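Take the chain below and follow it from a strand to its hairpin partner and then to a helix.

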Amino acid sequence: MSRGEIGKFVTLADTEIQSWYLLTNALLSAILAIDMGIYLAKTFQRRADGTKRDYFMLRENYWDFKEKRQRTRYLSYIGPKPVLKESRAKALAKRLGVSVEDLRKVRRLKIVSD
């Protein structure tokens with residue numbers, strides 16, 4: 001093998017490795033994006049008198065391609081109890097661009113009729 005042929009082989013191997021690396025990153029990002037979704041989060045507020053007030057909100061995990069990590073986004077305040085009326089659920093689903101059935105799939109979130 002001549003020196004020129006070795007150089008071609010190394011260059012070809014480098015480009016194959018780079019393309020494989022890009023492909024695996026794209027697949028990993030797609031898998032993470034599928035796995036993430038909307039969920040109900042419980043948080044609290046400590047008042048001046050020392051009492052604790054719990055409340056619920058909807059959050060969403062998404063993949064930040066620029067920073068290459070998972071991020072959390074606030075979607076909506078639910079209230080002190082994880083219960084939504086049907087009319088509010090429809091308005092929320094329309095605002096978020098999802099269906100009411102997608103909201104029904106959120107664990108611990110109850111949607112009751114008006």
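Where is the place of N61? N61 is in strand β2, residues 52–64; helices (H or I, at least four residues) and strands (E, at least two) are DSSP runs, numbered from the N terminus. This is a predicted model, in which local features need pLDDT of at least 70 and side-chain atom pairs count only at pLDDT 80 or more, while totals for chains, interfaces and linings use all residues. Residues are numbered from 1 along each chain as its sequence is written, and side-chain values use heavy atoms, with hydrogens and water left out.

N61 is buried, at a relative accessible area of 17%; buried means under 20% relative accessible area, exposed over 50%, partly exposed in between (1.4 Å probe, protein chains only). The N61 side chain makes a polar contact with that of T72, at 3.2 Å. Such a contact is a pair of N or O atoms within 3.5 Å; within protein, one must be able to donate a hydrogen and the other to accept it, and residues adjacent in sequence count only if both atoms are side-chain atoms.

Nine bridges join β2 and β3 in the antiparallel sense, where pairing requires that DSSP finds at least two bridges between two strands. R59 has Y74 in β3 as its bridge partner. Four residues lie between the strands of this hairpin, in which K68 takes a positive phi near 55°.

Helix α2 spans residues 86–96, and E86, A89, L92 and A93 are buried there. Viewed down the axis of α2, these buried residues fall within an arc of 125°, so they line one face of the helix; the arc is that of the directions from the helix axis to the C-beta atoms. Exposed K94 and R95 are on the face of α2 turned away from its buried side.
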